[in-house]
Amino acid sequence: MTTAERTGTFAFTPEHDDLRAMVRAFLADRSPEAEVRRLMETPAGYDPTVWSVMAQQLGLQGLFVPERFGGVGAGFVELQIVCEEMGRALLCAPFLSSAVLATAALLTSDDAAACERYLPGMADGSTIATLAVTEAGRSGYAGSWVADDVTVQAVPDGDGYRLTGEKVFVLDAVVADLVLVVARTEAGPGLFAATGGERAAMTTLDATRQQGRITFDGTEAALVGIDGGAAAPLAAALDIGAAALAAEQAGGARRVLEMAVEYAKVREQFGRPIGSYQAIKHKCADMLLEVESSTSAAYAAGWAIDDGSDEIGVLASLAKAYCSEAYHHCAAENIQVHGGIGFTWEHPAHLYFKRATSTEILLGSPRHHRELLAQRLGF
Amino acid sequence: MLDEATFSAELRAFLAEHHPGPTPRGPTKLPFLRAWQATLTDAGWVAPAWPRRWGGMELPPHLQVVYHRELMLARTPVPPTNAVGIVGPTILTNGTDAQRERYLRPMLRADELWCQGFSEPEAGSDLAALRTRAVLDGDRYRVTGRKVWTSNAAVARRMLLLARTGTLESRSRGITCLVLDMHAPGVTVTPLRDMTGGAFFAEVAFDDVEVPVEDRIGAHDEGWGCARVTLGHERSTSLTASAVRYQRVVRDLIDLARERGRLSSPATRQELARLVTGARLLELNGRRVLGQVLQGQAPGPVSSISRLQHGAFEQRLHETAMTLLGADGMLGADQRDGRWVRGFLRTRASTIGAGTAEIQRTTIAEKVLGLPSEGEERQ
């Protein structure tokens, strides 16, 4: 039964609210703006102590990892709540790469041995993992998330494989202990686990999330899942990633709306708060519409994932496309409402604007996801 | 609690047996709709949110959604009454038992059609500025003035009227709610031809029209609050249903694009994917409101944006349809795909009626986001 036909409704439970409050309080304490600004200038780009507390005391990295693989075994909606809060706080940490994308890639690979081997360390925070899909591209079109587009080669060697080629735009490439690489064998695209490869940071627009280049030159790797069988599980993992990223975007969008409204209430021009002018009011009302719709879209995808619905792909693409543009628009409007102060380096508005821009492209642009949506709906 | 599947099966069976077929156009339309409404009413399939005592079904909200969904899926005729909306709930909530006894059943059966006498030439968005005067004269009110944009006035037997009983300055505190007999001496209805060419609305003039005091709803001078009630979850369940209906309309539009050979155009595909998204978001937002309400939480800000969102969506949908019609968009509404041209014209009102989009944005900014008012009282 599709979600459209279901009459079920969704709402957050008190447990969801508790989780949200707990994560929000933790991030307010451990990832205030000053920390974000400090970490975004460091090479590692995250605070290992905070990372360890997140895993050991709060269980965040293992939230979506089943208990048999050392995780908490919570629902995906719980993971989205965490991502939403992280997006709100602009947390600098390899969470999306390790706890979402790499975790999802292992889980969808259906390779129990690989899950047993890697997931416990990822869940307890001792292993940082990332997913390497995108490449510079053959015809100048960089950054494709489609398995069939990969060119990195995997050649059998003894019990394992050796990888050759280059991945770019890899999240947290420099700090990752484990890289799950989509590479091609004669059988087609497969998923491989590697710990080596030469890493180099890429200078990113959004300094709060690191990306890098990984060069493989006969690098040792182990097959995860079926040789040549990565396309479908990768697509499923990317749907999970898109739904999580959409929640992060919804969180960021809500935060910039709050910033704009707070400022509009206190900033006075021509003798009255700028928020009393309709031009500002109408901007804020439109932002609210986008923020609420983003929340609905992101969590609809999340609930579909938790329900094992047949609409996961449709809703994940819908959410990623919508939340990307909504966040971008809200982040831009936040700068506009702030006027000159919003254009300064010292004001956090640009940090959100850059995160919005970067996440809009990450995992596929809105245009890409709308095309996927069309295909998934059969038109 | 009644089981959803059983309920849905019963309703489906009823509709399959009694569906009157497509609604005719022209003079036979209204009798056709009234006959259908009487069939539904006599079988107990109307007013899902109303108490049983007054002819309703008294369904819990989740079954109200099922009810609306099944009617939508069966493509049943649109009810000719506005019993569900403002008029019915006003009498249910604020009427006396004698008034409920007298008015509700004929209203539900569409034996007596009602209209709403709210807007005036000088009171559109600013409804509390209305001037139509009702003077208490012994056991009756004498009504003089003019209403405009009154839907169904030409066929309505009764009007739910808001009239000025206090001073103009008293604004919303000096308004009384009356039930006015449209056949009473002194009532003149002049059809108001709108931009679609139709005359769905009318102007209604009152020249010393007598209304017995027992036809007053609620107390003297307290009509403003009376006529602003909605019933239980009726609004959120019916909005959710209309969002589901829009998904069907979007599918029809995709079919139109297919028939006209436009589905291979990337720009068309993107736009259709946006409309799919818009229709789903209306539904998802509606479900979130309902979910919150069902858990005993306040409906929250998401409920306030739905009308704004509906209006914008309807317009965009029909603008896209017009581009798909191509040169046929220059033709009148009597062409093969004329429904889209009619809708294109009709939906200009979607951002005007029952509060313009601008008023809604201002209200959202002030009531939900807490931005300061411009000083003028607005209600």
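**Strands, helices and domains**

Modeller: Let's start with a strand pair in chain A: β4(A) and strand β5 (residues 188-194) of chain A run antiparallel and are joined by seven bridges. Keep in mind that this is a predicted model.

Colleague: What makes β4(A) and β5(A) count as paired strands?

Modeller: The cut-off is at least two bridges, and DSSP gives seven between β4(A) and β5(A), so they pair. One place to look is T185(A), which stands opposite G188(A) in β5(A). The two strands form a hairpin, with two residues between them.

Colleague: Which way does strand β1 (residues 129-132) of chain A run against β4(A), parallel or antiparallel?

Modeller: Parallel, with four bridges joining β1(A) to β4(A). L131(A), for instance, has L180(A) in β4(A) as its bridge partner.

Colleague: Why is β4(A) called largely enclosed?

Modeller: A residue is buried if 20 or more other C-beta atoms lie within 10 Å of its own. Six of the eight residues of β4(A), which spans residues 178-185, are buried, so the strand is largely enclosed by the rest of the structure.

Colleague: How do you know that β2(B) and β3(B) pair in chain B?

Modeller: Again it takes at least two bridges, and strand β2 (residues 133-137) of chain B has five to strand β3 (residues 140-151) of chain B, so that pair qualifies too. They run antiparallel. A134(B) has V143(B) as its bridge partner in β3(B). This is a hairpin with two residues between the strands, and G138(B) in the turn has a positive phi of about 70°.

Colleague: Why is α8(A) called roughly perpendicular to α11(B)?

Modeller: The axes of helix α8 (residues 278-307) of chain A and α11(B) cross at roughly 80° and come within 8 Å. Angles of 65 to 115 degrees count as roughly perpendicular, so α8(A) is roughly perpendicular to α11(B). Residues that meet there include K281(A), H282(A) and L288(A) from α8(A), with R361(B), I364(B) and V368(B) from α11(B). By class, this contact has six nonpolar, three polar and four charged residues.

Colleague: And what makes α11(A) and α8(B) roughly perpendicular?

Modeller: They pack at an angle of about 80°, with their axes 9 Å apart. That angle falls in the 65 to 115 range, so α11(A) and α8(B) are roughly perpendicular to each other. Among the residues that meet are R367(A), E371(A) and L373(A) in α11(A), and R269(B), L272(B) and V276(B) in α8(B). This contact has five nonpolar, one polar and five charged residues.

Colleague: Where does L377(A) lie?

Modeller: L377(A) lies in the segment after α11 (366-376) of chain A. Leaving aside neighbours within four places in sequence, L377(A) is in contact with V314(A) and V276(B).

Colleague: Why is L377(A) called partly exposed?

Modeller: Buried takes 20 or more other C-beta atoms within 10 Å, and exposed takes 12 or fewer. L377(A) has 18, so it falls in between and is partly exposed.

Colleague: Last topic, domains. What are the domains of chain A?

Modeller: The domain assignment gives domain 1 (14-127), domain 2 (130-229) and domain 3 (232-376). Taken over C-alpha atoms, the centres of domain 1 and domain 3 of chain A are separated by 21 Å. Their contact takes 22 residues from domain 1 and 27 residues from domain 3. On the domain 1 side, α2 (33-39), α4 (76-89) and α5 (95-109) of chain A each give two or more residues, and α4(A) gives the most, with 10 residues.

Colleague: Which domains is chain B divided into?

Modeller: Chain B is divided into domain 1 (4-80), domain 2 (114-224) and domain 3 (234-368). The C-alpha centres of domain 1 and domain 2 of chain B lie 30 Å apart.

Key: Residues numbered from 1 in each chain as written. Chains lettered and ligands numbered in written order. Predicted model: local features only at pLDDT ≥ 70, side-chain atom pairs only at ≥ 80, totals over all residues. Axes fitted to C-alpha atoms, helices over the stretch in contact; angles between N-to-C directions. Parallel < 35°, antiparallel > 145°, perpendicular 65-115°, else oblique. Contact = placed C-beta atoms within 7 Å. Nonpolar A, V, L, I, M, F, W, Y, C, P; charged D, E, K, R; others polar. Domains from an automatic or database assignment.
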